[in-house]
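Subject: Structure for you to look over

Dear colleague,

I am handing over the structure we spoke about, and below it I have set out what was found in it. Please read the notes with the structure open beside them.

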Amino acid sequence: MTEPEPNPEKPVEQWTTGEEPMTGPQASYLGTLAQEAGEEPPSENLTKAEASRRIDELQQRTGRG
């Protein structure tokens, strides 16, 4: 039996929900990452796509990525 292929990640630009407001979990995680990076928490007016990009950036800076 072969392992199923993992679902490829879509680029953020192709998300159909990317322009919706970020989710509660995204906002919470961004706050945690910003605090660990010594930054102010991001604006609460981010879209899901913007929040995802910011999470990726902060994960790299904090070593969580």
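With which residue does Arg-64 form a salt bridge? The partner is Glu-36, and the closest N and O atoms of the two side chains are 2.6 Å apart. Please keep in mind throughout that this is a predicted model. The bridge links distant parts of the chain, since Arg-64 sits in the segment after H2 while Glu-36 belongs to helix H1, 28 residues away. Arg-64 counts as partly exposed, at 42% relative accessibility, and Glu-36 also counts as partly exposed, at 43%.

As for the chain as a whole, it has two helices and zero strands. Of its 65 residues, 25% are buried, and its accessible surface comes to about 5,100 Å², with carbon and sulfur atoms contributing 48% of that area. When the contacts with a separation of 6 or more are considered, 71% of them are between residues 24 or more positions apart.

The crossing in which H1 passes H2 is left-handed. On the H1 side the contact is made by Gln-26, Tyr-29, Leu-30, Leu-33, Ala-34, Glu-36 and Ala-37, whereas the residues of H2 that take part include Lys-48, Ala-51, Arg-54, Ile-55, Leu-58 and Thr-62.

The structure holds five salt bridges, and two others deserve a description of their own. Glu-20 forms one with Lys-48, with 2.9 Å between the closest N and O atoms. This pair, too, links distant parts of the chain, for Glu-20 lies in the segment before helix H1 (24–37) and Lys-48 in helix H2 (residues 48–62), 28 residues apart. Is each of these two residues buried or exposed, or does it fall in between? Glu-20 is partly exposed, with a relative accessible area of 38%, whereas Lys-48 is buried, with a relative accessible area of 18%.

The side chains of Glu-39 and Arg-54 also meet in a salt bridge, at 2.3 Å from N to O. Glu-39 lies in the loop between H1 and H2 and Arg-54 in helix H2, so this pair ties together parts that are 15 residues apart in sequence. Glu-39 is partly exposed, with a relative accessible area of 24%, and Arg-54 counts as partly exposed at 23%. Through salt bridges that share partners, Glu-39, Arg-54, Glu-57 and Arg-61 are joined into one network.

Finally, a word on Thr-62, which is found in helix H2 and counts as partly exposed at 23% relative accessibility. Which residues does Thr-62 touch, if those up to four places away in sequence are not counted? They are Leu-33, Glu-36 and Ala-37. The C-alpha atoms of Thr-62 and Gly-38 are separated by 9.7 Å, with the two residues 24 positions apart along the chain.

How values were computed:
Residues are numbered from 1 along each chain as its sequence is written. This is a predicted model: local features need pLDDT of at least 70, side-chain atom pairs count only at pLDDT 80 or more; totals for chains, interfaces and linings use all residues. Side-chain values use heavy atoms; hydrogens and water are left out. A salt bridge is a side-chain nitrogen of Lys or Arg within 4 Å of a carboxyl oxygen of Asp or Glu. Helices (H or I, at least four residues) and strands (E, at least two) are DSSP runs, numbered from the N terminus. Buried means under 20% relative accessible area, exposed over 50%, partly exposed in between (1.4 Å probe, protein chains only). Contact means heavy atoms within 4.5 Å. Accessible areas come from the Shrake-Rupley method with a 1.4 Å probe; for residues, only the protein chains shown count as cover. A crossing is left-handed if the near helix is turned anticlockwise from the far one by less than a right angle, and right-handed if clockwise.
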